Amino acid sequence: MSTAVRRSLLAGLRWTSLRLRLVVVFALVALTAAVSASGIAYWLNREAVLTRTQDSALGDFRQEMQARAASLPLGPTKDELQTAAVQIASSSPGYSVLLIDERDTGKPIVGNSDLDTFTLDNVPLSLQEQVNRKQTVKTGNKYPYHLFWQRTSIRGTPYLVAGTKIIGGGPTGYMLKSLDQERQDLNSLAWSLGIATALALVGSALLAQAAATTVLRPVQRLGDAARKLGEGKLDTRLVVSGTDELADLSRTFNRTASSLEKKVADMSAREESSRRFVADMSHELRTPLTAITAVAEVLEDEADSLDPMIAPAVHLVVSETRRLNDLVENLMEVTRFDAGTARLVLDTVDVADQVTACIDARAWLDAVDLDAERGMMVHLDPRRLDVILANLIGNALKHGGSPVRVAVRTEGDDLLIEVRDHGPGIPEDVLPHVFDRFYKASASRPRSEGSGLGLSIAMENAHIHGGDITAANSPDGDGAVFVLRLPRDAEALNRTTEGHDAQIPDEEDDAT
């Protein structure tokens with residue numbers, strides 16, 4: 001599976017992806033609409049089916065009561081009630097009939113079309129009370145008795161129960177109509193509507209997927225192109241088709257990418273030209289500087305025998321010549337870092353020996369307190385470590401206060417070297433800029449004889465090892481603290497840097 005396909009699948013599965021949100025929104029809208037429509041349809045059909053069945057059964061029962069029960073003699077016998085109940089029930093199959101008459105108070109005579117199906121116990125008491133209650137005859141009510149009905153459930157089966165009383169002393173009749181068939185029909189309708197809702201949901205999800213694919217494919221291509229552009233592939237362009245908003249966005253992206261590519265190319269050309277100029281200038285200056293340095297050293301040796309008026313000028317020339325020589329060497333070193341040609345020459349060394357050698361070579365033994373245990377072996381570039389230490393310790397001696405304390409320790413897979421002075425510290429507004437090139441805190445410190453590149457070069461040498469340098473003031477307010485952090489084994493990083501081709505002469509052996 002290709003990376004692009006895998007990325008597309010993962011993007012589609014993320015809960016925060018636009019594709020998933022579109023599908024969910026479409027599905028929710030479709031589900032809401034389908035459930036609402038199904039609910040309304042079910043409710044309307046339910047009322048229609050039940051009302052139709054109910055009206056038909058009640059109408060037939062009223063007619064049969066008027067035709068058969070009303071024709072019974074006053075005080076009918078049980079057989080007469082039984083016969084009339086059977087006739088009423090047989091006239092319209094589907095319901096049972098119960099006829100009740102009272103010859104003596106508290107002694108009812110009952111006629112039933114089906115004793116096993118319908119008895120007086122099946123009639124709700126509330127319905128019995130309504131049926132037997134004699135109402136006042138008035139303008140709005142012409143009859144003392146009316147037909148009442150109620151839906152009930154008997155042993156889990158829905159029924160329609162209705163009852164009325166014959167006016168003028170006739171029997172009371174009750175009808176029991178099973179609604180189980182209607183319930184089955186409504187259940188079938190509910191299942192059909194549920195299936196239709198599920199199909200609508202699936203269809204909406206497919207439609208949302210198709211819509212999301214149509215809309216998001218250009219967006220995904222645009223995202224991939226933007227990602228490539230961010231990775232430095234400035235020649236990335238989109239194939240544009242159509243006239244919609246996404247096509248306009250793609251055209252805008254292409255124009256932006258073209259403009260960016262041109263500007264980056266121009267900036268790279270200018271940067272390369274500037275870097276080449278600095279490198280060439282540094283190389284051109286080295287030859288005359290070598291001669292001037294040799295002459296200056298001769299003059300320095302003879303300074304004591306020169307005219308007292310000339311001697312200060314000789315010392316100034318010698319000092320400035322050395323400073324200019326350091327500046328040229330530092331510029332060449334910076335140029336190597338900018339060009340990407342600086343490489344590590346790794347070796348396994350004892351850190352304590354390296355720090356001691358650095359301090360001893362510059363005659364700093366009396367001004368530096370070293371706290372380092374021997375036997376801490378690391379795999380790094382000794383010359384670049386010497387450059388870092390020389391810059392950090394020299395900076396502390398020059399701008400801080402003696403004694404300068406150098407502490408060496410290990411922390412996991414890292415080597416930590418802490419350089420602390422006892423000077424006034426670094427102003428808070430200067431701290432963010434101490435590693436900037438040519439930056440000097442002239443407002444808070446006296447004029448420096450350095451080039452303003454020492455700490456910057458130290459930081460570059462730390463970075464090429466995969467490490468870093470941090471600067472801060474001591475928590476107790478006594479001086480500044482620089483902490484160098486390097487990996488104890490820079491072999492892996494060295495493998496990644498060995499492939500760089502030199503673009504300018506590498507004269508690292510002469511670097512400061």
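Leaving aside its neighbours within four places in sequence, Ser474 is in contact with Arg420, Gly479, Ala480 and Val481, where contact means heavy atoms within 4.5 Å. The model is a predicted one, in which local features need pLDDT of at least 70 and side-chain atom pairs count only at pLDDT 80 or more, while totals for chains, interfaces and linings use all residues. Residues are numbered from 1 along each chain as its sequence is written, and side-chain values use heavy atoms, with hydrogens and water left out.

- Ser474 sits in the loop between β11 (468-473) and β12 (480-487); helices (H or I, at least four residues) and strands (E, at least two) are DSSP runs, numbered from the N terminus.
- With a relative accessibility of 5%, Ser474 counts as buried, the classes being buried under 20% relative accessible area, exposed over 50% and partly exposed in between (1.4 Å probe, protein chains only).
- The hairpin of β11 and β12 has six residues between its strands, and Gly477 takes a positive phi near 80° there.
- Six bridges pair β11 with β12 in the antiparallel sense, and Thr470 stands opposite Val483 in β12; two strands are said to pair if DSSP finds at least two bridges between them.

**The sheet and the helices across it**

- The strand order β7-β9-β10-β12-β11 describes an open sheet of five strands with mixed pairing, whose edge strands, β7 and β11, each pair on one side only.
- Neighbouring strands of this sheet are turned against each other by 15° on average, direction ignored; axes are lines fitted to C-alpha atoms, for helices over the stretch in contact, and angles run from 0 to 180 degrees between N-to-C directions.
- β7 and strand β9 (residues 404-411) run parallel and are joined by four bridges, with Leu370 standing opposite Val406 in β9.
- Strand β10 (residues 414-420) pairs with β12 in the antiparallel sense over seven bridges, and Val419 stands opposite Phe482 in β12.
- β12 is mostly covered, as seven of its eight residues are buried.
- Helix α8 lies across β7, β9 and β10 and runs at about 175° to β7, whereas α9 lies across β7, β9, β10, β11 and β12 and runs at about 175° to β12.

**Salt bridges**

- Twelve salt bridges are found in a search of the whole structure, each being a side-chain nitrogen of Lys or Arg within 4 Å of a carboxyl oxygen of Asp or Glu.
- One of them joins the side chains of Arg183 and Asp180 at 2.7 Å, N to O; these residues are separated by about one helical turn because they lie three residues apart in helix α5 (residues 180-230), and Arg183 is partly exposed at 34%.
- Asp248 and Arg251 likewise meet through their side chains, at 3.1 Å, N to O, and they too are separated by about one helical turn because they are three residues apart in helix α6 (residues 245-301); Asp248 is partly exposed at 41%, as is Arg251 at 30%.
- The side chains of Asp386 and Arg362 form a salt bridge at 2.8 Å, N to O. Asp386 belongs to helix α9 (residues 382-399) and Arg362 to the loop between α8 (351-361) and β7 (368-371), so the pair ties together parts that are 24 residues apart in sequence. Relative accessibility is 22% for Asp386, which counts as partly exposed, and 30% for Arg362, which counts as partly exposed too.

**The buried side of α4**

- In helix α4 (residues 125-132), Leu127, Gln128 and Val131 are buried. They cover an arc of only 100° around the axis, so they are on the same side of α4; the arc is that of the directions from the helix axis to the C-beta atoms.
- The elements that cover the buried residues of α4 include β3 (148-154), β4 (157-165) and β5 (172-178).

- Most residues other than glycine have a negative phi.
- Arg155, found in the loop between β3 and β4, has a positive phi near 55° and counts as exposed at 71% relative accessibility.
- Ala363 is placed in the loop between α8 and β7, where its phi is positive at about 60° although it is not a glycine, and with a relative accessible area of 68% Ala363 is exposed.
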